[in-house]
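Hi,

Here is the structure I said I would pass on.

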Amino acid sequence: MVITKRGWVPRTILGQLLLGTILLQISVLTVFLWMNMRSQMRNIHRRDMLRIEAQARLLARLAVDPLRRGDRAELERLAEAIRSSTSIVAVRITDMQGNSLVTSEGGSSGLDADESLALNRQNRIPHFDALTTRKGNSEGVAEVVVDGRPAAVVWLLPDETINLRSLNAFVNNALVYASCALLADFFLIGLLAHSVSRPLRSLNRATESLSRDPEALGAFPLRVTTRNEAGRLTQSFNAMVHDLEVQRSGLRETLALLDSMLGNAPIGFAFFDRKYRYVRINEFLARITQRPAADHFGRTMRETCADTDLAAQVEKIAEQVFETGEVVHDMELTGNFGEADSSTLKRVWICNFYPVRTGEHVRWVGLVVTEVTERVRAEEAMRRSEKLAAAGRLAASIAHEINNPLESVTNLLFLLQHHPSLDAEALEYASLAQRELSRVGEITQQTLRFYRSSSRPEMVRLGEVVNSVLALHTGRMQSAGVRVERRVDATAEIFGFTGELRQLLANLVGNAVDAMSADGLLRIRVRKATLQGVEGVRVTVADTGTGMSDDVRLRIFEPFYTTKEATGTGLGLWVSAEIVEKHKGVLSLRSRQMTAGHSTSGTVFSIFFPREAASDIPSLILNASR
């Protein structure tokens, strides 16, 4: 029997039924014995009093004649005869003053206080009185009337052991009956408890097994062994477990779908508690933060994100959602969710914050993150491109407008040079003006060529394209102190688009000039070459600038990636790579920064163009490491 913490109340149904039955039987038996013993004692006392009264009256009538005669011997024989009865212990006969006349064997000779008080009441009571002394003894008292006057008093003491034997017999019978009834109850309880407790024990074991392992359903369905309430309870429990399993299966499928959506969605999801700690994060956002998803749980964004400004903005908006319970849509934030990298531009994110409620309270705040860096950069690049296009149109318009008066001035200078009135010094000045004016005309022509690019491929001499590009950058290179070393094969030509090739070389030369400081050297080489048996032209642009790091070199051809901050669009080399691919060319890059092991730095772009555009050479862009 298993006992509870109270120390005496059993925890099993059988034990509780047995204990309850025992307590109930004891209580019923106690009340039954008490009530019946009182009734029995009253009945016994009443019967004793009636018997004693009869015996006392009989003795009083028989003692009349001997008292008249004063025959004590006869009184003694009468008293002894009455005492010989099984119900009488002692007999006494006294006069009216309490003096003993006759005393049977075992009787006392004197009267006690209760008996004296009863003797004094004889004139106020009937001829018989039932007396109960202070000692608890019962006694019968009767007057002996002689010639109409009380002459003596008869005292009879009943035998109390007879009453005790009757009560003992009654109690023993009651106890035997109670024992038999208790045993019968125990037998019935055992049968009933077995039919109830066995299925309940099975339910208890199954419930404990489920509490330890919710997936442990091997014991179900439980066997139904009875047809009572316990059996119906077992059936209901089996049905409930089955329904729970069906619901759990559906819930698992739903959670699997949600986890799959969260894990594979091309946007970032995260949930924060009121202390701004990560509660959940999907793999997409974890990859953005450059940390495993498990490293985020229980940690704040300030602890996982090196960009403290971005973390502070997210926490501020999350606090607003916790306080107001309102959704915050399309909040544009700038920064890096992962490790800070000063070599890259800040990334742009569209963030949506929404409350997750449990009842009336906001328990978590959800964050949906979408990166729009490329879109923002594309928009910025489009704006810059539009500005550049407008500037190009304006420059072409200005060059066109300047070109007409330049022709007039050129003609006038030609006539002036042949005027007979000019001396030698004036002719020298006129010749110098003619040369400078020719240079201005060449610049305007190059500007018009950039704007008026050809729409059809044609045979292009790369030497002429290189010379025109260098002519445009002459002033810039002179102001920067950059020297130019060129080796150009004038006969080298390919089939392509003149304007696009000019744009490609202009991007490479412009980047080289930007990378160099004073006393820099720009080397340009154009020569005929052969690659994998295919004839073509190789163009090399090399500078002595600062060079590129490994990270920059790996991303140099990505769109919108730039190291020039506000002055760059990140499109120059991306467009250049597209032009090379369009002409079936092969581009390779080597770059080195000045370090402890290298005393020089610089970058070399080498491009091979097949002579014919229909070449079978695979279009490759090689990003060489060094």
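Below is what I found, from the whole chain down to single residues.

**Before you start**

This is a predicted model, in which local features need pLDDT of at least 70 and side-chain atom pairs count only at pLDDT 80 or more, while totals for chains, interfaces and linings use all residues. Residues are numbered from 1 along each chain as its sequence is written, and side-chain values use heavy atoms, with hydrogens and water left out.

**The whole chain**

The pLDDT (the predictor's confidence in each residue, from 0 to 100) averages 76 over the protein chain, and 76% of the residues score at least 70. Residues 1-5 have a pLDDT below 50, and beyond near neighbours in sequence this stretch has 13 contacts in the model; a contact means heavy atoms within 4.5 Å. Residues 614-626 are also below 50, with 33 contacts beyond near neighbours in sequence. Where pLDDT is low, the predicted coordinates should not be read in detail.

The protein chain has 16 helices and 18 strands. Of the 626 residues in the protein chain, 36% are buried. Buried means under 20% relative accessible area, exposed means over 50%, and partly exposed lies in between (1.4 Å probe, protein chains only). Among the contacts with a separation of 6 or more, 59% are between residues 24 or more positions apart.

Helix α9 covers residues 308-324, which is 17 residues. From its first C-alpha to its last it reaches 24 Å, close to the 24 Å expected at 1.5 Å a residue; the expected span is 1.5 Å times one less than the number of residues.

Which residues of α9 are buried? They are L310, A311, V314, E315, I317, A318, V321 and F322. These residues lie on the same side of α9, because they cover an arc of only 165 degrees around the axis (the arc is that of the directions from the helix axis to the C-beta atoms). An α-helix has 3.6 residues a turn, so residues three or four places apart point the same way. The face turned away from the buried side of α9 carries the exposed residues D309, K316 and E323.

What covers the buried residues of α9? The cover includes β6 (268-272), α8 (301-304), β8 (328-335), β9 (347-358) and β10 (361-371).

**Around β6 and β7**

Strand β7 (residues 278-281) runs antiparallel to β6, and 3 bridges join them. Two strands pair if DSSP finds at least two bridges between them. One of the partners is R280 in β7, which is bridged to F271. The hairpin has 5 residues between the strands, and Y276 sits in that loop. Phi of Y276 is near 60 degrees, a positive value in a residue other than glycine. Most residues other than glycine have a negative phi.

Y278 belongs to strand β7 and counts as buried, at 4% relative accessibility. Its C-alpha atom is 7.4 Å from that of M301, 23 residues apart along the chain. The contacts of Y278, leaving aside neighbours within four places in sequence, include F271, H296 and M301.

H296 is in the loop between α7 (283-289) and α8. H296 is buried too, with a relative accessible area of 0%.

For a contrast, look at D330 in strand β8: D330 counts as exposed, at 54% relative accessibility. Phi of D330 is positive as well, near 50 degrees.

In helix α14 (residues 498-515), 13 of the 18 residues are buried.

Strand β15 (residues 534-543) is largely enclosed by the rest of the structure, because 8 of its 10 residues are buried. Strand β14 (residues 521-531) runs antiparallel to β15, joined by 10 bridges, and I524 has V541 as its partner in β15. The two strands form a hairpin with 2 residues between them, and Q532 in the turn has a positive phi of about 55 degrees. β15 also pairs with strand β17 (residues 602-610) in the antiparallel sense, over 8 bridges. There, G536 stands opposite P610 in β17.

Enjoy looking around!

Best wishes

Notes
Helices (H or I, at least four residues) and strands (E, at least two) are DSSP runs, numbered from the N terminus.
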